[in-house]
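I opened the model to look up a few helices and a sheet. My entries follow.

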Amino acid sequence: MDFLAVEGLTKFFGGLAAVYKVGFTIREGEIIGLIGPNGSGKTTVLNLITGFLKPNAGRVTLAGRNVTGLPPHQMCRNGVARTFQLTKSFLCCTVLQNVMIARMYGRSPAPNLRVAAKEATEILVQVGLADKANFLARDLTLMERKMLELARALAAQPSLLLLDELMAGLNPAETEVTMQLIRKIRDSGVTILVVEHIVKAILGLSDRVIVLNMGQKIAEGPPQEIVHDPHVIEVYLGKAHHA
Amino acid sequence: MTAKKGISLALLVAGVAALWLVPSMGVSDSLLNLLILMFIYTMLASSWNILGGYTGQVNLGHAAFFGLGTLVARILYTGGRPLFLALLAACVVPVAFSMLIGIPAFRLRLRGDYFTIGTLALSQILYITIGNVLPKITYLPIADIQNYQLGPRYHIILASALFTIGVAYALVKSRLGLGMVAVRENEDAAESLGINAFAHKLLALAVSAFLGGLTGGAYAYYQTSYYFNYTFSPPWSLEPVTMTFIGGVGTIHGPVIGAVFFVLLKEWLVMKVGEYHLIIFGVLFLLVVLFLPGGLVEAWERIRRVFTHRPAGKIVLSPSAEGSDLSGNSLASERKEVPMI
């Protein structure tokens, strides 16, 4: 069964169609890649799914339930968690508090602060931030903040995790570690939608890839097919000119 | 850790007991008056801090809640209703009023400045309206003067102050307190984690208005002689902000320290320089915001760190020290169980 179904999703910013009639489905346990050049509407699609933006048209169905236009906190309680491209840590809180807050809310909140602290610590171990638990979030490096984003999203115990350019700005070694982490998260039973514009990272990770260009879906399929799709090559490399 | 906690608790209980017994020690009325002022200003700052400090919604119209509290309590109490009923009404009416600004501002997601300007405007509207509608007279029947006793008033106001601090403490230590801090730190991130930002802001506003109203009720019970619109005047909006920032915004003890410091310094300055004390407080406020954003609480932390030689990177307290209110001691004990790889 389709876990997440998006149909005819459309969003206008003024006269500009940032997202136009985009539709796709995600099955349970898949890792789906969403790629496209800058400004192609990837983040807007994410914002539409998570309720940060309300679509002008279209429908979002989660596990058979129409969730179109629900506010973000309700989407989270329904099991959809996300990270932000520009990290949005709670800067004046410690790393542990950041994750604890998420653990006290989210889909199935911890019963009390003690349990939340314990479980948050476990999540920090998982993402490799355990030794920074009592640091203030504002003192973290970019990589660490990205991992904190991930830890916080995991603490909300999502069934669907949306990662917005989690790997942008990371070096190859960090990217590799992160990719393995994402696979592990999937293996623990979380369905994942990865937004990236680093094609390489997404090809190695995704079961299927969806390509957006100028707000419209131009291709969808397994990574090997996508890299050979003439349309996708045109978008990324430009059109071949024949003399 | 538990021993240290036990000592702090014992000190707290002893301090409260000592404060409670002050009137029976045969001290002068002027000392009692000074303490009562400290209690009232503590309540004023603590109630403001819940919304402004913990939830990050700067309210420049706290005088509206305080003033409504005084107005309602005064009318009911001097009208012969029981004190408890007067105080309760003094709490409830400002809550209803706060929803007038809170629901539209938070529902439309008018951020920061709009809410701030809105609160300022509403409090000024009330100030002017009350000044025009109600007579500029002070109310003090002979019977009241004859029966006026400072002792019982002292105890009721002290109890109200303890209640205010207790409510603030319980709230910020709870799950809702975590949510409020999350909303302050980053509303989008909070929403994405399942926190209903609107509900949390509204709750913080309601509690702030409730306790601000209680402060007003306590003031009206203490001070029977003042113009009706006096308690709506701008200083009652600005002083809680000043006190909270001087003490330490977003902490429980900050507003208490700020209020005690403020009352003492104000008493002294008013004697020395009169109205010029306003300028001095203005400058002090600016200096604190610029150079010591965590207020006296932060200053104390810095001094302590110098003497205990703690590395700066490992602090649990944040510069604005909300860390202490969030993590609590349970976290510190939890740390021992961290499975390190």
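**Helix 5 of chain A**

I looked up burial first: 12 of the 14 residues of helix 5 of chain A are buried, so it is largely enclosed by the rest of the structure. I called a residue buried if 20 or more other C-beta atoms, placed from the backbone, lie within 10 Å of its own. This is a predicted model, in which local features need pLDDT of at least 70 and side-chain atom pairs pLDDT 80 or more, while totals for chains, interfaces and linings use all residues. Residues are numbered from 1 along each chain as its sequence is written, and chains are lettered from A and ligands numbered from 1 in the order written.

Among the buried residues I noted R145(A), L148(A) and A155(A). Their cover includes helix 3 (95–104), helix 4 (113–127) and strand 7 (160–164) of chain A. Helices (H or I, at least four residues) and strands (E, at least two) are DSSP runs, numbered from the N terminus.

**Sheet in chain A**

I traced four strands of chain A in an open, antiparallel sheet, order 2-1-4-5. Its edge strands are strand 2 (16–27) and strand 5 (65–66) of chain A. Strands count as paired if DSSP finds at least two bridges between them; strand 1 (residues 2–13) and strand 2 of chain A have eight. I noted L16(A), in strand 2 of chain A, as the bridge partner of F13(A).

Technical notes
Contact = placed C-beta atoms within 7 Å.
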